[in-house]
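I opened my notebook today to look up a few things in one protein structure. Here is what I wrote down, entry by entry.

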Amino acid sequence: MASGELSQLTMFKQRDIEKLFAACVYTNPLEAVQMCGWLRPDLLMDERIRRFWSGTLDRIRPEMSGSDRVTTEIISLAVEYDLAMDVVGWAASTFLYSALPYANEISRRNYLTVVSSKIGDLVKAIQQGNDGAVREAIRAMSEMDITRRSEIPVAFDVAERFDQVVTDGLRSVPTFLPSIDNATGGLERQTLSVLAARPSVGKTALGWQIARAAAYNGKSVLFFSLEMSSVNLWGRAACPAIGTTWRDVRAGKLTDNQREALLSESYKLAAQFDERLRIVDTPQTTETIWQTVAQLRPDLVVVDHLRLVKDAATSEVKRLGQISQRLKDLSKNFECSVLLLAQLNRQSEMRGEKRPILADLRDSGEIEENADLVLMLHREEFEGQVKPDKSITEVWVRKFRDGPRDVLIKLWFDPRQEWFEGVQK
């Protein structure tokens, strides 16, 4: 639309814009439906025009052919909604012959009205000095901005991006567990992977192992430890190296030699990981996670775990779905891989089958919908009372957008070393 036309439309009253829109729909209904089918009827204030446009969308389809049939339908609609005489007069007064500029102006005015209603929330948050509420109000207003237009890539643009991926090599962050990487290709960038298990099966241990292995091999990793402190998590890496446990450290049972060896191992690990591994153990929302990722631009983000992210919503189901969706959006925006740890419910036990399935993802089917890869852990040892020094952990690929699902991977798990390794076939 030309700037001159836009300036003229902004001078019109809303009811006049709607009348001219209806006139263009009546004059060229097929083009109006094809170009303006996105315009919701509820944005129109005039009840007759709103019903006329709704009926047009219902009865005139973009793929319809035959001018006589279309003309018959639009005349019938105009008569039905008592607009037949009016639209003829409105058509004579319009200076544009396409409904699209009028539809755009109607949509623009609706956007300004909705944003205006949110300004009060923004002003209140500013007056209270509530930075979080200010950012949330601005984010909500920006998400409503239908006037923004991003440049839509053509096929050649996508081919160039594909060329870069193929030329540069790996698009995924490996887990450095060959059996998992062979089955999944690793944790792909711009995707959300979910690692799920019931409590104490080893999801934190596996997520922490993947994070350390990635950092050790040159990847930048950001680990959000929302369940345990960073010191506790670090102990899971340092203590096994000298044959002790974090429990012994907490109880003060280390000898002087053990203490010296443990601190030496801790600083050695720090030197190996350097700045490539960062641990955040403070409460987080998806907003604060997003801000940290925007600052550090890691290759891999691990969130432990889903239910402890502090976003609010009207229900727990909606909350968990929103969190998983926002983390998926984050992965796409920053071209990183996100590994989200999640707890499973007890439905599998009620079924009499202890191996978890997708339905066991706790509280929200949206988690499954948003995830590109879902790995589920299971260990048979929990059926008995005795825990062996090493035990088999089953890793089930329950969802994989780019490959087969329900694939079983077996790993050895050493609880003292807090470490998984492949089972030799």
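**Entry 1: a strand and its partners**

I began with methionine 376, whose bridge partner in strand 9 is tryptophan 396. Before going further, I noted that this is a predicted model, in which local features need pLDDT of at least 70 and side-chain atom pairs count only at pLDDT 80 or more, while totals for chains, interfaces and linings use all residues. I also noted that residues are numbered from 1 along each chain as its sequence is written, and that side-chain values use heavy atoms, with hydrogens and water left out.

How many bridges join strand 8 and strand 9? I found six, and the two strands pair in the antiparallel sense, with strand 9 covering residues 391-400. Two strands pair if DSSP finds at least two bridges between them.

Strand 8 also pairs with strand 3 (residues 191-197), this time in the parallel sense over four bridges. There I looked up valine 194, and its bridge partner in strand 8 is valine 374.

Is strand 8 mostly covered or uncovered? I found that six of the six residues in strand 8 (373-378) are buried. Buried means under 20% relative accessible area, exposed means over 50%, and partly exposed lies in between (1.4 Å probe, protein chains only). Leu373, Leu375 and Leu377 point one way from the strand, Val374, Met376 and His378 point the other way, and all are buried.

**Entry 2: salt bridges**

How many salt bridges does a search of the whole structure find? My note says 19. A salt bridge is a side-chain nitrogen of Lys or Arg within 4 Å of a carboxyl oxygen of Asp or Glu.

I looked at aspartate 311 and arginine 326, which form a salt bridge with their closest N and O atoms 2.9 Å apart. This pair links distant parts of the chain, 15 residues apart: aspartate 311 is in the loop between strand 6 (300-304) and helix 16, and arginine 326 is in helix 16. Aspartate 311 counts as buried because its relative accessibility is 7%, and arginine 326 counts as partly exposed because its value is 27%.

Next I checked glutamate 394 and arginine 355, whose side chains meet in a salt bridge of 2.8 Å, N to O. Here the two residues are 39 apart in the chain, with glutamate 394 in strand 9 and arginine 355 in the loop between helix 17 (347-351) and helix 18 (365-370). Glutamate 394 has a relative accessible area of 7%, so it is buried. Arginine 355 has 26%, so it is partly exposed.

Then came arginine 401 and aspartate 372, with a salt bridge of 2.7 Å, N to O. I placed arginine 401 in the loop between strand 9 and strand 10 (407-414), and aspartate 372 in the loop between helix 18 and strand 8, 29 residues apart. Arginine 401 is partly exposed because its relative accessible area is 45%, while aspartate 372 is buried because its value is 12%.

I also found Arg59, Glu73 and Glu80 linked in a network of salt bridges.

A reminder to myself: most residues other than glycine have a negative phi, and most peptide bonds are trans.

Which peptide bond did I note as cis? It is the one from aspartate 304 to histidine 305, with omega near 0°. Histidine 305 sits in the loop between strand 6 and helix 16.

Glutamine 190 is not a glycine, yet it has a positive phi of about 65°. I located glutamine 190 in the loop between strand 2 (187-188) and strand 3, and it counts as buried because its relative accessibility is 17%.

Aspartate 274 also has a positive phi, near 50°, and is a residue other than glycine. Aspartate 274 lies in the loop between helix 14 (256-273) and strand 5 (277-280). Is aspartate 274 buried or exposed? It is exposed, because its relative accessible area is 52%.

I finished with leucine 327, which is found in helix 16 (residues 316-334). Leucine 327 counts as buried because its relative accessibility is 1%. Leucine 327 and glutamate 287 are 40 residues apart in sequence and 9.7 Å apart in space, C-alpha to C-alpha.
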